[in-house]
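Reader: I am new to this structure. Can we go through some of the terms used for it, one by one?

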Amino acid sequence: MSFYRELENHVHEQLSRRNFLSKTSLGLGAAAMASLLNADDSMAKKVASGTPEGASLPLGKPHFAPKAKRIIYLFQSGAPSQLELFDYKPKLEQMWGQDLPESVRKGQRLTGMTAGQSSFPLAASKYKFAKHGSNDMMISELMPYTSSIVDDVTFIRSMHTEAINHDPAVTFFQTGSQQGGRPSWGSWISYGLGSDNQNMPSFVVLLSKGRAGDQPLYAKLWSNGFLPSVHQGVVFRSGPDPVFYLNNPEGIDKTSRRRMLNSLAKLQQAQFEKILDPEVNYRMAQYEMAYRMQTAVPETMDISKEPDYIFDLYGEESRKPGTFAANCLLARKLIEKDVKFVQLYHQGWDQHGNLPNDIKTMAKSVDQASAALIKDLKQRGLLDETLVVWGGEFGRGAYSQGKLTKDNYGRDHHPRSFTIWMAGAGVKKGFVFGETDEFGYNVIKDPVHVHDFQATVMHLLGVDHEQLVFKHQGRRYRLTDVHGKVVKPILT
């Protein structure tokens with residue numbers, strides 16, 4: 001008797017009547033797993049045969065007709081100053097060096113880095129603003145390329161959050177909670193909508209190379225949390241090995257790997273029948289995905305065949321793998337391959353001191369490529385079905401952190417008001433939503449909370465954020481927790 005037959009008999013002996021009845025009701029989950037793998041692959045069907053019902057519930061289709069098919073999120077980690085980029089405040093010029101009025105601050109919470117300051121001198125931006133686009137939007141001279149696309153962009157100047165420090169603030173944007181452990185935004189979308197390309201992950205993460213900054217990025221930001229592991233974000237890196245352990249080891253060819261996966265699937269199936277843990281089969285689904293990615297990923301990550309005019313559009317940095325510009329170009333290629341959520345992280349915006357010099361460097365590193373992405377998608381007819389988001393985890397305060405001079409100052413964290421922008425599928429063009437006071441300190445019109453923003457993006461994908469839920473440890477969870485409302489005025 002073969003080893004597999006002995007193992008099979010042992011497993012069946014261990015299955016109780018209750019487990020047998022549970023196993024026979026697994027059809028829906030099996031179908032879901034088959035869709036995660038390849039429906040034409042007989043091995044995938046074998047792996048899918050034991051998936052527990054309810055363990056993976058990708059809708060496979062939206063709740064209602066979506067306006068956006070996919071998302072590119074250009075996350076600016078460290079919190080860019082809205083006062084230097086997008087929210088012009090001449091009042092700060094008039095009151096330069098004067099103390100922030102208490103009637104404006106209203107006793108609001110400060111970080112430990114400025115709470116001990118004896119004064120809070122107002123600091124106007126060193127950089128000039130000018131009107132751009134058909135609606136005369138005021139944009140900083142630091143963003144000349146972004147200024148050229150304002151007629152395609154919606155600016156939300158009234159974002160606000162409770163989180164005042166980087167890690168909880170970034171985690172809040174990406175997972176809907178300030179504490180780690182919840183599923184990331186991309187994982188929720190993968191779980192709810194499934195994949196449009198069985199040879200690529202539905203959720204891909206790109207990290208700018210050489211941009212460590214002061215604030216680290218953690219894998220919890222693209223984790224699947226308590227969702228099935230097949231929905232975790234996959235990090236694509238620059239260089240010849242974009243995904244760790246994707247390539248075959250030396251001496252192993254594609255045929256050998258296929259035989260290995262077939263044998264492994266039999267062992268995994270036996271393990272599942274014994275313990276009925278759905279993660280056994282999800283693990284196998286990931287192995288199968290890696291097998292198919294061996295062909296799809298190198299082709300997608302190869303930008304060498306892009307024409308010179310594309311590199312000219314994105315800037316010279318786009319020729320250097322791992323830069324923000326190169327990753328913006330890759331993001332376009334990934335959505336062409338029907339990757340549903342591309343999350344790009346760019347670090348270096350945490351400017352508590354020497355802000356005028358440092359923000360100039362940071363703005364230059366992202367301005368041309370961000371605008372080029374919009375133009376590139378537009379010229380390919382992809383912008384009407386792709387949503388692009390640009391922004392950080394909170395804003396910067398109107399007063400100087402530390403010593404204030406005409407040429408130098410810093411700004412501390414400011415969660416009460418900041419700016420992000422969106423462009424593409426389903427959002428208005430050349431539009432500004434929300435308003436802050438004359439100091440840029442408080443929102444005075446149309447506030448947008450992080451949960452509202454999340455609900456709005458999910459709506460654009462055709463997902464009702466209140467209905468996309470997952471039951472975990474006796475509670476039903478969702479990305480927006482128990483909050484969030486769709487910001488309808490910005491939608492077309």
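Reader: Are tryptophan 185 and phenylalanine 341 buried or exposed?

Author: Both tryptophan 185 and phenylalanine 341 are buried. Bear in mind that this is a predicted model. Buried means under 20% relative accessible area.

Reader: What makes the pair of tryptophan 185 and phenylalanine 341 tilted?

Author: Take the angle of the planes. Planes under 30 degrees apart count as stacked, over 60 as edge-to-face and the rest as tilted. The rings of tryptophan 185 and phenylalanine 341 have their planes at 40°, so the pair is tilted. Their centres are 6.4 Å apart, and rings pair if their centres lie within 6.5 Å.

Reader: Which parts of the chain does this pair link?

Author: Distant ones. Tryptophan 185 is in helix α10, and phenylalanine 341 is in strand β7 (residues 341–347). They are 156 residues apart. Both also belong to one aromatic cluster, which includes Tyr73, Phe173, Trp222 and Phe453.

Reader: What makes the pair of tryptophan 349 and tryptophan 390 edge-to-face?

Author: Their planes are at 80°, and over 60 counts as edge-to-face. Centre to centre, the distance is 6.0 Å.

Reader: Why is this pair said to tie parts together?

Author: Tryptophan 349 lies in the loop between β7 and α15, while tryptophan 390 sits in strand β8 (residues 386–391), so the pair ties together parts that are 41 residues apart in sequence. Tryptophan 349 and tryptophan 390 are buried.

Reader: Why is helix α10 called largely enclosed?

Author: Count its residues. In α10 (residues 185–193), 9 of the 9 residues are buried, so the rest of the structure largely encloses the helix. Among them are Trp185, Trp188, Tyr191 and Leu193. Just after α10 comes glycine 194, with a positive phi of about 75°.

Reader: Why are α14 and α15 called roughly parallel?

Author: Helix α14 (residues 324–336) and helix α15 (residues 355–379) pack at an angle of about 20°. Angles under 35 degrees count as roughly parallel, and α14 and α15 are therefore roughly parallel to each other. Their axes are 8 Å apart, and the crossing is right-handed.

Reader: Which residues meet where α14 packs on α15?

Author: From α14, they include Phe324, Cys328, Leu329 and Ile335. From α15, they include Val366, Ala369, Leu373 and Leu377. By class, the contact has 9 nonpolar, 2 polar and 2 charged residues.

Reader: How do you know that glycine 322 is buried?

Author: Its relative accessible area is 4%. The cut-off for buried is under 20%, so glycine 322 is buried. The residue lies in the loop between α13 (308–314) and α14.

Reader: What does glycine 322 touch?

Author: Among its contacts are Leu207, Ser208, Lys209 and Ser238. Leucine 207 and glycine 322 are 115 residues apart in sequence and 7.2 Å apart in space, C-alpha to C-alpha.

Reader: Why does lysine 106 count as exposed?

Author: Exposed means over 50% relative accessible area. Lysine 106 has 61% relative accessibility, so it counts as exposed. It lies in the loop between α7 (102–105) and β2 (129–132). Most residues other than glycine have a negative phi.

Reader: Why is asparagine 354 called partly exposed?

Author: Its relative accessible area is 34%. Under 20% would be buried and over 50% exposed, so asparagine 354 is partly exposed. Asparagine 354 is in the loop between β7 and α15, and has a positive phi of about 55°.

Technical notes:
Residues numbered from 1 in each chain as written. Predicted model: local features only at pLDDT ≥ 70, side-chain atom pairs only at ≥ 80, totals over all residues. Heavy atoms only, no water. Buried < 20%, exposed > 50% of the residue type's maximum accessible area, 1.4 Å probe, protein only. Helix = DSSP H or I, 4+ residues; strand = E, 2+ residues; numbered from the N terminus. Axes fitted to C-alpha atoms, helices over the stretch in contact; angles between N-to-C directions. Parallel < 35°, antiparallel > 145°, perpendicular 65-115°, else oblique. Left-handed = near helix turned anticlockwise from the far one by under 90°. Contact = heavy atoms within 4.5 Å. Nonpolar A, V, L, I, M, F, W, Y, C, P; charged D, E, K, R; others polar. Lists of a residue's contacts leave out its neighbours within four places in sequence.
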